[in-house]
Amino acid sequence: MAAAVEMNSMLDEKMTDVFDWSDSKLPVRDAIWNHFMDADSHDTDKTADEVAPYMSMNEAKLKSEVEKLLKA
């Protein structure tokens, strides 16, 4: 059985609503996933392991880490 995913409001908001530097309409959760999928040659297992810490971060740390990860 799949594990339940706890909803984190920032993870489910559009990138444009959280970051003024982003023009992406993707939810933050999807933007993180896509970044790691591309970096990991689309290895789902590796991506899941790398994304997991972001799913449980508090919002202040999450925002900071996503900015470091995705801001161009």
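This is a predicted model: local features need pLDDT of at least 70, side-chain atom pairs count only at pLDDT 80 or more; totals for chains, interfaces and linings use all residues.
Begin by selecting S22, which you will find in the loop between helix 2 (15-18) and helix 3 (28-39). Its relative accessibility is 14%, and because buried means under 20%, S22 counts as buried. If you now show what surrounds S22, leaving aside residues up to four places away in sequence, you will see that S22 touches M15 and T16. Keep S22 selected and look at its side chain, which reaches the backbone nitrogen of S24 at 3.1 Å.

Next, turn to the salt bridges, of which the structure holds four. Select D40 and K46, whose side chains meet in one of them, with an N to O distance of 3.9 Å. In this pair D40 counts as buried, at 9% relative accessibility, whereas K46 is partly exposed, with a relative accessible area of 42%.

Move on to helix 5 (residues 59-70), where E65 and K68 are separated by about one helical turn because they are three residues apart in that helix. The side chains of E65 and K68 meet in a salt bridge at 3.1 Å, N to O, and K68 is exposed, with a relative accessible area of 60%.

Finally, select E67 and K71, whose side chains form a salt bridge at 4.0 Å, N to O. Here E67 counts as partly exposed at 31% relative accessibility, and K71 also counts as partly exposed, at 44%.

Technical notes: Residues are numbered from 1 along each chain as its sequence is written. Side-chain values use heavy atoms; hydrogens and water are left out. Helices (H or I, at least four residues) and strands (E, at least two) are DSSP runs, numbered from the N terminus. Buried means under 20% relative accessible area, exposed over 50%, partly exposed in between (1.4 Å probe, protein chains only). Contact means heavy atoms within 4.5 Å. A polar contact is a pair of N or O atoms within 3.5 Å; within protein, one must be able to donate a hydrogen and the other to accept it, and residues adjacent in sequence count only if both atoms are side-chain atoms.
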